[in-house]
Each structure stands twice: as C-alpha cells, then as structure tokens.
Amino acid sequence: MSVAVTVSMTGFAARQGAFDRYSWSWDVRSVNGRGLDLRLRMPDWIEGLEQSLRAKLQASLHRGSVQVSLRLSANDDSSGPVVNDEALETALSMIAQVKARADARGVEVSAPSAAEVLAMRGVLDGAGRDDDTGPLKNALEADFDALLEDLVAMRASEGSALHATLEAQIAEVETLHAAACSAVADRNAAAPDTLRDQLARVLAASDGVDPDRLTQEIALLAVKSDVTEELDRLTAHIAAARALLTGPGPKGRKLDFLIQEFNREANTLCSKSGTKALTAVGLDLKAVIDQMREQVQNVE
C-alpha cells in the first residue's frame, strides 16, 4: 500500500469473520484526538488479545481517538453457562473453612445461597470455551489485520480530500497576500498627500507645534503603519505550509501551530492597515485562515 501524503484522523471500518465454531463481528471508529487514544472492548478470556491489538494500532496510527469493538459468539448449543467443577470445589472448601473458624469463635455466619456461590469468581464459566485460546486468538489477529488495513485506507482517502482542500486554501492565502501587497503600495503612494492633509488640520487647530515633537510623531506613524515584516512572514508561512503538506509523516500538530502564526500576521495586518482596502484584505485572510484551522484539526 502506498503511503498517503496527508492522513485524516477520521475513519471507520467493519468486518465479520469465523473460525472453528466461533463467529465474530468487528467495528472500529476513529475521530480527532490530541494524541493516540485507544479504547478496546474485547473478551477478557482470550489471553493477550487486547495487548496484541493495541500494539498493531500503535504501529499503524499516530493520532486520533480510536474505539474498537469485538462481538464474539460460539456457534453451537453448548454456548450456555456451565459450572466449573474445580472452581466450585475450591469455593465450597473456602466457605467451609470460614464457617468452621466462625463456629470456633462463637460467631454466627449465614451460609451463602446457591446464586451467591455461582457468582464467585470462576465458578460459572462459559460453555465450550477452549482451555487453549491460542488458535482463536491467532485467527482474530489475522482478521484484525484486514480490518486495520480498511481503517488506514479510509483515513488515507479522507486525508487526500483534506490535502486538496488545504492546498486550495493556501493558494487563496497567497492570492490575498498579493492583494495586500498591492493595497500597501497604493496606500504608500497616497501617503504624502494624506500626511499633508492631516498636518494641515493639526496646524489649523493649534497655535503652535513643536517641530521636534512633530518629527517624532511622523516617524512613529510610519513605524506603526509599516507592514513589511508581516507580509514577509506571511510569505515564509505560505512556503512552510506547502512544504509541510507535501512532506512525509504526521503533520497535524505542526500545521496547527503554523495556522496560529498565520492568524497572528493577519491580525497585525488589520491593526496596521490604515485603509479600507487593506482592512478588507486582512479580514478575508482571517476568514480563510479560520477555515484552514478547521481542516487542520482533522489531520493526523
């Protein structure tokens, strides 16, 4: 099987199987998770099965909340519960010992009912459960391999759709970045006229202006409105996002961090915009970045 470039944490698979006189059905569901959270519902009388399946899941998956259920039944008339003779003898001997010691000390204890004896650990057993569950465990493990392959394939398929969506969103961010650069150029070209108008209003409203203070304020305005660094960082973030998206291995956590950096630059761009055109581009950037964040939450 080829390795998917981008893998989703969302997937589902179901399967049925049989071995000897047993039949079973599986289902496995995977959703978003901060790490790899495995929850398995397995028959506890098949020694080592759950540990084996956990190891298989950990080898194939990196992130996601995964639930695995196995429903197992025996296909004969002896599937009802039976008494385990050895366990019953042990239980009765223990009850007799307790009764004898209590009588010796003059302590009255009531005898347990038959139902209470049957409820004691190991006394009531499922009929037909083989002493050697190894062959059944091997059959279940082999069937689980096929189930896990189906889950991995679905997560890869979902990941391909995510990959295409994120590529389109990164391209849109790049287009908006170009629009922001154009809006900044227009703003800078109009800056001298805008500044002259503002200075004229200030001078008309005041009796006198300290030239040094005026120079400082003009320099401060220029620094506050300069978005060169923000646009440069956006360029770097776009390149990093594309490299991550096309690179191998899990990338969801890194993409999530990168989206935070995208959003930081978009927020600063809006706060420094100074024009309606640049503010509009900044708001469009924030909207696309928010959509990217939603998609990234699904990436392994």
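Me: Which residue in S2 stands opposite Gly11?
Reply: Ser30 does. Keep in mind that the model is predicted.

Me: How do S1 and S2 pair, parallel or antiparallel?
Reply: Antiparallel, over nine bridges.

Me: And the turn of that hairpin? How many residues sit between the strands?
Reply: Two residues lie between S1 and S2.

Me: Zoom out. What is the strand order in the open sheet?
Reply: The order is S1-S2-S4-S3. That makes four strands, with mixed pairing.

Me: Which strands stand at the edges?
Reply: Strand S1 (11–19) and strand S3 (36–41). Each has a single partner strand, so one side of each has no neighbour in the sheet.

Me: What is the average twist from one strand to the next?
Reply: The twist averages 10°.

Me: What holds such strands together in general?
Reply: Backbone hydrogen bonds pair the strands of a sheet, either parallel or antiparallel.

Me: Back to this one. In what sense do S2 and S4 pair?
Reply: Antiparallel again for strand S2 (residues 22–31) and strand S4 (residues 64–74). They share 10 bridges. Two pairs to click on: Arg29 stands opposite Gln67 in S4, and Asp27 stands opposite Ser69 in S4.

Me: What about S3 and S4, parallel or antiparallel?
Reply: Parallel, with six bridges joining them. Leu40 stands opposite Val68 in S4.

Me: Is S2 mostly covered or mostly open? How many of its residues are buried?
Reply: Mostly covered. Seven of the 10 residues of S2 are buried.

Me: Which helix lies across S2, S3 and S4?
Reply: Helix H1 (residues 49–60). Relative to S3, H1 runs at about 150°.

Me: Give me the whole chain. How many helices and strands?
Reply: Eight helices and six strands. From the N terminus on, the elements run β-β-β-α-β-β-α-α-β-α-α-α-α-α.

Me: What share of the residues is buried?
Reply: Of the 300 residues in the protein chain, 32% count as buried.

Me: And contacts? What share comes from residues 24 or more positions apart?
Reply: They account for 80% of the contacts with a separation of 6 or more.

Me: Switching to H6. Why does its length agree with a helix of 19 residues?
Reply: At 1.5 Å a residue, residues 228–246 should span 27 Å. The end C-alpha atoms of H6 are 28 Å apart, which agrees.

Me: Which residues of H6 are buried?
Reply: Glu230, Leu231, Leu234, His237, Ile238, Ala241 and Leu245. Seen down the axis of H6, the buried residues fall within an arc of 110°, so they line one face of the helix.

Me: What does the face turned away from the buried side carry?
Reply: The exposed residues Glu229 and Thr246.

Me: Cysteines next. How many disulfides turn up?
Reply: Zero, in a search of the whole structure. As a reminder, a disulfide is a covalent bond between the sulfur atoms of two cysteines.

Me: Cys270: buried or exposed?
Reply: Buried. The relative accessibility of Cys270 is 18%, and the cut-off for buried is under 20%.

Me: What is the relative accessible area of Cys181?
Reply: 34%, so Cys181 is partly exposed.

Me: Last one. Where does Leu283 sit?
Reply: In helix H8 (residues 276–296). Leu283 counts as partly exposed, at 49% relative accessibility.

Me: How far is the C-alpha atom of Leu283 from that of Ala266?
Reply: The two are separated by 7.6 Å. Along the chain, Leu283 and Ala266 are 17 residues apart.

Conventions. Residues are numbered from 1 along each chain as its sequence is written. This is a predicted model: local features need pLDDT of at least 70, side-chain atom pairs count only at pLDDT 80 or more; totals for chains, interfaces and linings use all residues. Side-chain values use heavy atoms; hydrogens and water are left out. The expected span of a helix is 1.5 Å times one less than its number of residues. Buried means under 20% relative accessible area, exposed over 50%, partly exposed in between (1.4 Å probe, protein chains only). The arc is that of the directions from the helix axis to the C-beta atoms. A disulfide is a pair of cysteine sulfur atoms within 2.5 Å. Two strands pair if DSSP finds at least two bridges between them. Axes are lines fitted to C-alpha atoms, for helices over the stretch in contact, and angles run from 0 to 180 degrees between N-to-C directions. Contact means heavy atoms within 4.5 Å.
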